Amino acid sequence: MSLLSSLSDLDSLRENASSVNNITRSGNLDIVASTASGGNVPICHIVNFMPFSLVDENGHRTVYNEDSTLESGVAVMLAAQHLNAGDGRVVPEVAGLSDRCPIRFTVEWMDTEFIERTAVNSAIELTDRRLPEREPCAITGALRSAVSIPSSLITGLRGYPQVSGVSTSASLDDKNLYPLFGRTVPSDAGTAVAAVLYMRNVLGIRYIAMVHTSDAYGTAYARGMNDAIAEHAPDMTIFSFILRFGANKEEVKNTVTQLKQTECMYFFGVLFDGDADAVLKEAVKQGIAGDGRHNWIFGDGVGSVDERTGIHRDSDLARAYQGTLATMAAGSSDELADAMREIGDSAEDLDYIKSVLPRYRGRSDGEARLIHSDLVDASSFLSAQKLWDGFMYDAAIAVGLSACAAARNNDADGTTYLDGTEHFSAMVNGVTFSGATGSVAFDPSTGSREAASASFEIVNFVENTDFDDGSGTMRFKAVQTHIFQNGEWTSLLPVTFYDGTSDIPPYLP
């Protein structure tokens, strides 16, 4: 049984119509003639910007799914399916939508390769399309703020809303530069307040050293931390250091040396997985990680530690991550997790997912190939909800509900018409819903999710003692220990620090 049947049906409808030139454009909608119904079907084509592969300096491409971007892409597809079917199992406001709204939704995936240049090229190529190519209606994504910034500059200027469930840089709140960018996750300003209140009020920290990536995400997060400390914890001192995104070994070594020289016992990392790994390995060498005395807390850039494989039990990385903490926006839904698992159990849906995944041309023969088959075919694919699934699902739901709210009849021919600016305005000024990540409401002045409508959590990374495959490797599990709602942190479970106790380590040597 297929849970994504409407997407494949609409793809076929459009393909058949394009062969006889029965597609017209009405604002940001494709109007597709349907021989089956004898009428027209307005289609809002959602393009999902996410990194699905990495390319090194030698041009070698490898699969990327460290942040479960494939799973979050499926969540966008599932949202489109629910919009098309009026299925309110996850979002009650979607129930019966297909009876109230004529618009239907399709999804395409574009690979940003985790870098700005590729995203810019993709945004230009996408918004340059003309019929019979599939023109966009809206964009979901990207992952990194540094990628969302240049891509949304282009998509916004060309009249297409872009909605991320992941990019958190406060820089994206500037509506003069990014007029049609919105997000279903709060900006770093809100996340930083929650982080500071946890450090000061729960852990009792008064001195901490922070290392942050040099990109837009890290810079804005660091600024948010300083602002939050000034307002909410003025007796707290923070030492701040910048690490270039994708730093080399010497840069990492120098930065860790600077961190060590502060003599702090707590460190806060605003880093992505690769840089975080490099910093922690060097921190172990220099004696400020994995020693039971020094303690590390991270932002949401390293939220997938529990999904890592291949970490040797006796490695520096295993020692370094044991007992660490991360603060991030919280969002989970049993209904969404169940629906994702059903897709994972459907051979028909998995084949459809593989059919829409990007293809890459070989360097030797130029043949387009699918490189993600092993990931999609793995028994673990879609077996559990991942960090960003709910936020990206909600991003697509926001696109759909606001498209239906903003659509109007074209006076010239009576077809459904959708303007991009009106689409975005409807989203940030009027759309609220009970999403997979809780109540979703937008700040009209920034396009960001209102921090008050979101929850934050502390997760504690500890060894998963139930895992043993005989290879000498280990895995972590992420234990939710605290939840932040209505300006207060609530303890759910004790934190387990590196030494195996819940005794809060001192912030001074």
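Colleague: A crossing is left-handed if the near helix is turned anticlockwise from the far one by less than a right angle, and right-handed if clockwise, so is the crossing of helix 2 and helix 14 left-handed or right-handed?

Modeller: The crossing of helix 2 and helix 14 is right-handed. Helices here are DSSP runs of H or I with at least four residues, strands are runs of E with at least two, and both are numbered from the N terminus.

Colleague: And what should I keep in mind about the model?

Modeller: This is a predicted model, in which local features need pLDDT of at least 70 and side-chain atom pairs count only at pLDDT 80 or more, while totals for chains, interfaces and linings use all residues. Residues are numbered from 1 along each chain as its sequence is written, and side-chain values use heavy atoms, with hydrogens and water left out.

Colleague: Back to the helix pair: at what angle do helix 2 and helix 14 pack, and how far apart are their axes?

Modeller: Helix 2, residues 69-85, and helix 14, residues 389-406, pack at an angle of about 35 degrees, and their axes are 8 Å apart. Axes are lines fitted to C-alpha atoms, for helices over the stretch in contact, and angles between N-to-C directions run from 0 to 180 degrees.

Colleague: Which residues in helix 2 meet helix 14?

Modeller: Taking contact as heavy atoms within 4.5 Å, Glu71, Ser72, Ala75, Val76, Leu78, Ala79, His82 and Leu83 in helix 2 meet Asp389, Met392, Tyr393, Ala396, Ile397, Gly400 and Leu401 in helix 14. By class, that contact has ten nonpolar, three polar and two charged residues, where Ala, Val, Leu, Ile, Met, Phe, Trp, Tyr, Cys and Pro count as nonpolar, Asp, Glu, Lys and Arg as charged, and the others, Gly among them, as polar.

Colleague: Zooming out, how many helices and strands does the protein chain have?

Modeller: The protein chain has 15 helices and 25 strands. Its C-alpha trace spans about 75 × 50 × 40 Å along the principal axes, and of the contacts between residues at least 6 apart in sequence, 70% join residues at least 24 apart.

Colleague: What radius of gyration does the protein chain have?

Modeller: The protein chain has 23 Å, which agrees with the value near 23 Å that a compact globule of 509 residues would have. The radius of gyration is taken over C-alpha atoms, and the globule rule is 2.2 Å times the number of residues to the power 0.38.

Colleague: What share of the residues of the protein chain count as buried?

Modeller: Of the 509 residues, 58% count as buried, meaning under 20% relative accessible area, whereas exposed means over 50% and partly exposed lies in between, with a 1.4 Å probe and protein chains only.

Colleague: Now helix 13, where I was looking at Leu375 and Val376: are Leu375 and Val376 buried or exposed?

Modeller: Leu375, in helix 13 (residues 373-377), counts as partly exposed because its relative accessibility is 29%. Val376 is also placed in helix 13, but Val376 counts as buried because its relative accessibility is 0%.

Colleague: Which residues do they touch, leaving out those within four places in sequence?

Modeller: Leu375 touches Val63, Asn65, Leu70 and Phe381, while Val376 is in contact with Leu70, Leu350, Ile353, Lys354, Leu357 and Phe381. The C-alpha atoms of Leu375 and Asn65 are separated by 8.7 Å although the two residues are 310 residues apart along the chain, and those of Val376 and Leu70, 306 residues apart, are separated by 8.4 Å.

Colleague: What about phi of Phe114 and Glu263?

Modeller: Neither residue is a glycine, yet phi of Phe114 is positive, near 70 degrees, and that of Glu263 is positive, about 65 degrees.

Methods
A crossing is left-handed if the near helix is turned anticlockwise from the far one by less than a right angle, and right-handed if clockwise.
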